[in-house]
Amino acid sequence: MDPVRTRSILTRKSTPAVRAWFEGFGITRATGPVRIPAAPDAGVLRDRICLPVRHRGVVLGYVWLLDADPGPSAGRLTAAMEVAERIGALLADEERADADLSRELRAVLTAEGGWQYDMAVAALRTALGRDAEGLHALLCVAPWPGPGTPSVRTAPGVAALCTVPWPARTARDPHPRGTGAGGAGAEAGGAGAGAGGPGAPRAGAAAATAGRAPAGPGAADRGLAGPGAAPPGGAAHGLAALVRLRSAEAPAPALTAATRLRDAAGGGAPSGAPPTAVWAAGGAGAVPGAGHPAGTVVGVADPRRGVGDLAQAWREAASAARAALAQPRLGPVAPWASIGPYRLLTALPPAPPHDRAVRALLAPAHTELARTAEVFLDNAGQAGRTAAALGIHRQTLYYRLSRVENLTGLDLDVLVGAGGIALTVAGLWWTLTRRGSARAAAAALAAVAPAAVIVMFDAANLLWVVLLSLALWVLAVWTGRYALRSTGLRPVRVREHRTPPPRRPFLVMNPHSGGAKVERFRLREKAERLGARVVLLDPEQPCDVTELARQAVADGADLLGVAGGDGTQALVAAVAAEHGLPFLVVSAGTRNHFAMDLGLDRDDPAACLDALGDGVELHVDLGFAGGRPFVNNVSFGVYGAVVQSPAYRDDKVGTALELLPELLTGQSGPRLTARAEGRTLACPQALLVSNNPYRRDDPAGLGRRERLDSGVLGVLGLRVDSAAEAAGLLLDPEASGLTVLTAREVVVDADHPTVDVGIDGEAFALPVPVHCRIAPRALRVRVPRLRPGVPQAQPRLDWRRLRKLAAAVGRTAVAGRPSRPN
């Protein structure tokens, strides 16, 4: 075995000099056998015969024979060329299959959510066949030199490859792309597909391997141009690779493929370290010589079974690649599980918009001031430590800080606190939209950020200022609210109808609702004393509450009532409205929203039974969604999906945290569209349709309706895509992500045949489109004549206007700002 053959087997490629020497015999242009004599000086110790593998005139590789004396006859060479032609046809078919897989994988990674993503996943699943349900790891090689996609044979275990747009503007790698796999092409400039080559060990054997053509002559014809083909400043690309795994605990195939693909991109590979060492050490930082001077890195997503979650896997792989590009110690191969806090940082946009406030500060003329501001913030606003770090006097520091404040209009002390608030809000949002260790890190950030701000202000001797400001702010808010409440607010007046007491009332009571309020307040005994027939629901023997109420009407009941949750009340209320009977609400549920908006006493459900004697009637509206009645609201989107979980009743918080990441980020659940009164709400994450609109005068009043007889539905749509939008929603009641309107009818559609909904807290799956309507004053509700009532809404407090007013007063009241202490 000569040195050329040995090198092609061990390294899967050859030197440019050897490739040029073989190509000098015209193998790239030949259509028949080419005899190549031995050349000991070049390391070629045996004569060879090269059979070009072509398909429709394009060279796809070579078949190499070791020549001997006597060599193969003309007839045998003709038969060998026929075999080479069949190999060319097979390689062309394989290349077309690669192109199909590349197209389907690219469609999955670039599709929007909803039906487009589902269709792309289905097409990829069909193209992969049985491999689709196996275990995979997704890789992101970035930046990739040009839009061309290499063969899946470039690296072992790769099921599909594709190029996608890469957001990072990274310099192109000037080095030529490696050939990837060895074989004959490795010796003669190609990316060989097999293990054979010019140095095949069997003398005179018709041998053996076929490789792909080089990224040289003819490569551009197949769209495989190297990095030099990309125009300066052109669009950047990344390479996505779907790698088959046998076990999630054995990621070596993914890391081997990462090394090969990075080598193919021209980024070089770590030398002398097994790929498992990279994984175990949390990146290449623990591997000697593992830097990536060529600028190409590989992000590796967590393994997943099947292809349904490739969108999230691509986000993980791309984020790991971004982190490795920003921090070379994480690369060149960066598994998602090993980048630590960078999982949170990569959730930020790749190129945030330039801040106008600091634009002047970042000008080249103010480099020294920008450095001063950076060090001041890094040292938590402590003047002494900042001056020591910069090697300047404190007075010099104060002078520079005053210039920074003049340039930007920002108070750096306040900026520290604002940064802490921003980190807290971002941490809370990431806690809801992440899971696993990323969620734990986000929760820790949300807890540590405000504590760190307090420590920083304390160290700067400014904590007392913050506490005093907060106390004054609380006092101002309280006095303002007291002034509003002292203007003579009264309960909302509603029209009452006096009717005679019922003679044969019928009540349904749930003994387990509201923490066993039926038993604690002895509701059954009081109702029976007042002449009512009472039926207790037995959870061990479920029954149809609607049929139970209908049977009571057939038996002569002249009033129907419920002591239980709002869902049960809605079912019986629909029967009462259908037969024109009065309906009695007993606040024995957990939250009793309907009872609260009727003005009933939620703390004493027994008082509701007084309506059987001294009572009046209120005529209120009743809502319907897909034909099902509701007294409070219908929830679509996030809450509608959460209540579907069987675990929701026993663990509401845990179930919500488990489901929220996919629901809030659009990775699961249908894409909703709501139409109401000529307006369209596109893709809301949460949609609430209520029986009469909810008040929005104060966050504490959210969930209360001032009237139940307005004859319109309330519609509230919410869409939040980032931590910044979540913060804006909390600070601004008129945020763009919140839509509030009223309508008599609302139609909710989705890209799925059914949609999960929560009707008065009960889980249902309704076919789309779901028509929501309101029946004005269809329900006669009997309530006690003496009851707390519904408090009138307070005048709305416009926080934005108040903030502007306070800022204007502050500017006019303060003549100047005192200088900083020494």
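Which residues are linked with Arg304 in a network of salt bridges? Asp309 and Glu316 are the residues linked with Arg304 in this network. The model discussed here is predicted.

## Salt bridges within helices

The structure holds 18 salt bridges. Among them is the contact between the side chains of Glu374 and Arg371, with an N to O distance of 3.9 Å. A salt bridge needs the nitrogen within 4 Å of the carboxyl oxygen, so this pair at 3.9 Å qualifies. Both residues belong to helix H10, which spans residues 367-378. Glu374 and Arg371 are three residues apart, so about one helical turn separates them. Glu374 is partly exposed, at 44% relative accessibility. Arg371 is also partly exposed, with a relative accessible area of 46%.

Helix H17 (residues 523-529) holds another pair, Glu528 and Arg524. Their closest N and O atoms are 3.3 Å apart, and the two form a salt bridge. Arg524 is partly exposed at 34%.

## A link between distant parts of the chain

Arg777 and Asp709 form a salt bridge, and their closest N and O atoms are 3.8 Å apart. This pair joins distant parts of the chain, 68 residues apart. Arg777 sits in strand E27 (residues 770-784). Asp709 lies in the loop between strand E21 (686-691) and strand E22 (713-718).

Is Asp709 buried or exposed? Asp709 counts as buried, because its relative accessibility is 18% and the limit for buried is under 20%.

## A three-stranded open sheet

Three strands form an open sheet, in the order E1-E2-E3. Their pairing is antiparallel. Which strands stand at the edges of this sheet? Strand E1 (34-36) and strand E3 (58-66) do. Each has a single partner strand, so one side of each is left without a neighbour in the sheet. Neighbouring strands of the sheet are turned against each other by 30 degrees on average, direction ignored.

E1 pairs with strand E2 (residues 48-55) over three bridges, in the antiparallel sense. Val34 stands opposite Cys50 in E2. In general, strands of a sheet pair through backbone hydrogen bonds, either parallel or antiparallel.

## A nonpolar surface patch

Six side chains make a nonpolar surface patch: Trp464, Val465, Leu468, Leu472, Leu475 and Trp478. The patch has an area of about 650 Å².

Where is Trp478 placed? Trp478 is in helix H15, residues 463-485. Trp478 counts as exposed, because its relative accessibility is 53% and the limit for exposed is over 50%.

How many disulfides does a search of the whole structure find? The search finds zero. A disulfide is a covalent bond between the sulfur atoms of two cysteines.

Cys608 is buried, with a relative accessible area of 2%. Cys772 is buried too, with a relative accessible area of 0%. Both values fall under 20%, so both residues count as buried.

Definitions and conventions:
Residues are numbered from 1 along each chain as its sequence is written. This is a predicted model: local features need pLDDT of at least 70, side-chain atom pairs count only at pLDDT 80 or more; totals for chains, interfaces and linings use all residues. Side-chain values use heavy atoms; hydrogens and water are left out. Two strands pair if DSSP finds at least two bridges between them. Helices (H or I, at least four residues) and strands (E, at least two) are DSSP runs, numbered from the N terminus. Axes are lines fitted to C-alpha atoms, for helices over the stretch in contact, and angles run from 0 to 180 degrees between N-to-C directions. Patches are made of residues with over 30% relative accessible area and no salt bridge: like charges are joined within 9 Å, nonpolar side chains (Val, Leu, Ile, Met, Phe, Trp, Tyr) within 5 Å. Accessible areas come from the Shrake-Rupley method with a 1.4 Å probe; for residues, only the protein chains shown count as cover. Buried means under 20% relative accessible area, exposed over 50%, partly exposed in between (1.4 Å probe, protein chains only). A disulfide is a pair of cysteine sulfur atoms within 2.5 Å.
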